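Student: Could you walk me through this structure? I'd like to begin with the ligands and then turn to a couple of the helices.

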Amino acid sequence: MLKELLVLLITSQFLFSDAITPIPLNPDYDKEKAALGKSLFFDQILSIDGSRSCASCHHLPGSGADNIAFSLGMSNHATSINTPTVLNARFNFVQFWNGRVETLHEQALVPLFNPKEMGESIEASIEKLNKSKYKEKFENLFPEGVTKDSIAQVIEEFEKALTTPNSRFDKYLRGDEYALNEQELRGYKAFQNQGCISCHNGVNIGGNMYQKMGIMIPYDHTVDATSIEGRYAVTGRQRDKAVFKVPTLRNIDLTAPYLHDGSATSLRDVVIDMREHQLGILEEDKSIDDIVAFLKTLTGESPKILSGTSE
Ligand code: HEC
Ligand code: HEC
């Protein structure tokens, strides 16, 4: 029995040994389009009343999200789900908590025209851009000038530049065995052995599958019914209720509060929630602090495009 367990442990460690891969050091993206996308990301011109930009909810440089449970959009309407980070979004297999769009290209236009976010119409956005300093910039890059598609393209290229390489954990994965201290290494082992890694893996340590929140022990949702619909809103299948894209754990130390409903205010709280609802572990022990220490090693370098060096 003991021997079998040992074999199981060793093989599962083997299976998971390359389950997480480091963030590539040099992201590919079109520099000129990304620079224009960057200006738009920070510009309130695209919101209906000139009060919001993408950066109002996705703070950059910084976490790529904000530090409140629900962001405030047009007329201070709260969004119905916690704002995820835009950092490393390019590595997610689909966008949004419920995966309702697949590509960053499609995603880029959604907040612009969402009445709760920026609330503008496409025609009005194009007209405004054509009356602004941006007209010439678009015409230099696109023969057709400002169109729905060219707006999406420049924002997409900027989002592609938003990667955060060289976290201490990535240095460890690349072979620097001293990059993590003893507690952090214990945390990484616990992350593997307790089963976190079965949902949080791949380059984004998440972002590559859907899973139910409350798979072992049902989760008592703290907010209104709309945000807990999860994937159900897309598929209409009962079993997709409370199913979400597994979020990335990259830079997780920066993006409190956590979960789709923003109900977990600290890393410690969310680790306890995950152990309970996703793994059925109810007892609290010191591996919780080890896992928290490990999660803090996932903070990478700020994207180069934000320091202006690649403009
Ligand atoms: C009012 C706040 C707000 C504004 C303004 C806003 N967003 Fe978001 N963003 C959100 C929320 C909330 C979500 C999650 C929505 C969902 O999953 O249903 C989100 C999701 C995203 C995602 C998907 C990330 C993931 O992991 O699924 C990206 C990328 C993104 N926004 C980029 C942008 C861009 C680009 C702009 C500007 C054009 C923008 N956002 C404007 C609040 C905002
Ligand atoms: C069965 C799959 C599964 C397992 C196992 C799992 N998670 Fe999660 N994790 C998820 C899902 C799904 C969410 C999003 C849930 C929500 O927002 O309601 C999530 C959310 C999180 C978040 C919050 C992310 C954010 O941006 O809000 C953290 C941190 C986290 N998990 C860490 C862990 C740790 C640590 C473990 C192991 C103790 C673990 N997870 C085990 C699927 C899983």
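Predicted model: local features only at pLDDT ≥ 70, side-chain atom pairs only at ≥ 80, totals over all residues.

Student: OK, ligand 1 then. How many residues surround it, and which are the closest?

Tutor: Ligand 1 is surrounded by 28 residues, and the closest of these are Cys54, Cys57, His58, Phe96 and Lys245. Sorted by class, its shell has 14 nonpolar, 10 polar and four charged residues.

Student: Which helices supply that shell?

Tutor: Helix H3 (54-57), H4 and H7 each supply at least two residues, and the largest share, four residues, comes from H4.

Student: What donors from the protein does the iron atom of ligand 1 have?

Tutor: The iron has a single donor from the protein, the NE2 atom of His58, at 2.1 Å. In the fold, His58 sits in the loop between H3 and H4.

Student: And which polar side-chain atoms lie by the nitrogen and oxygen atoms of ligand 1?

Tutor: A polar side-chain atom of His58 is 2.8 Å from a nitrogen atom of the ligand.

Student: Switching to ligand 2: what's around it?

Tutor: Here 22 residues surround the ligand, with Cys196, Cys199, His200, His260 and Met274 as the closest. By class they divide into 16 nonpolar, five polar and one charged, and helix H12 (residues 267-279) gives the most to this shell, with five residues.

Student: Which residues have N or O atoms by an oxygen atom of ligand 2?

Tutor: One is Leu259, where a backbone N or O atom lies 2.7 Å from an oxygen atom of the ligand, and another is His260, where an N or O atom in the side chain is 2.6 Å from an oxygen atom. With a nitrogen atom of ligand 2, a polar side-chain atom of His200 is at 2.9 Å.

Student: What about H2, and why does its length agree with expectation?

Tutor: H2 agrees because its 12 residues should span 16 Å at 1.5 Å a residue, and its end C-alpha atoms are 17 Å apart. Its N-terminal end is capped by Asp30, with a side-chain oxygen 3.1 Å from the backbone nitrogen of Glu32. Buried residues of H2 include Leu36, Leu40 and Phe41, and the buried residues of this helix pack against H3, H5, H6 and H7.

Student: Why does Phe42 count as partly exposed?

Tutor: Phe42, which is in helix H2, counts as partly exposed because its relative accessibility is 34%, and that falls between the 20% and 50% cut-offs. Leaving out residues up to four places away in sequence, Phe42 touches Ser53, Ala55, Leu60, Phe158 and Leu306.

Methods: Residues numbered from 1 in each chain as written. Chains lettered and ligands numbered in written order. Heavy atoms only, no water. Near = heavy atom within 4 Å. Polar contact = N/O pair within 3.5 Å; in protein donor to acceptor, adjacent residues only side chain to side chain. Nonpolar A, V, L, I, M, F, W, Y, C, P; charged D, E, K, R; others polar. Donors = N, O, S within 2.8 Å, 3.2 Å for Na, K, Ca; no water. Buried < 20%, exposed > 50% of the residue type's maximum accessible area, 1.4 Å probe, protein only. Contact = heavy atoms within 4.5 Å. Expected span 1.5 Å × (residues − 1).
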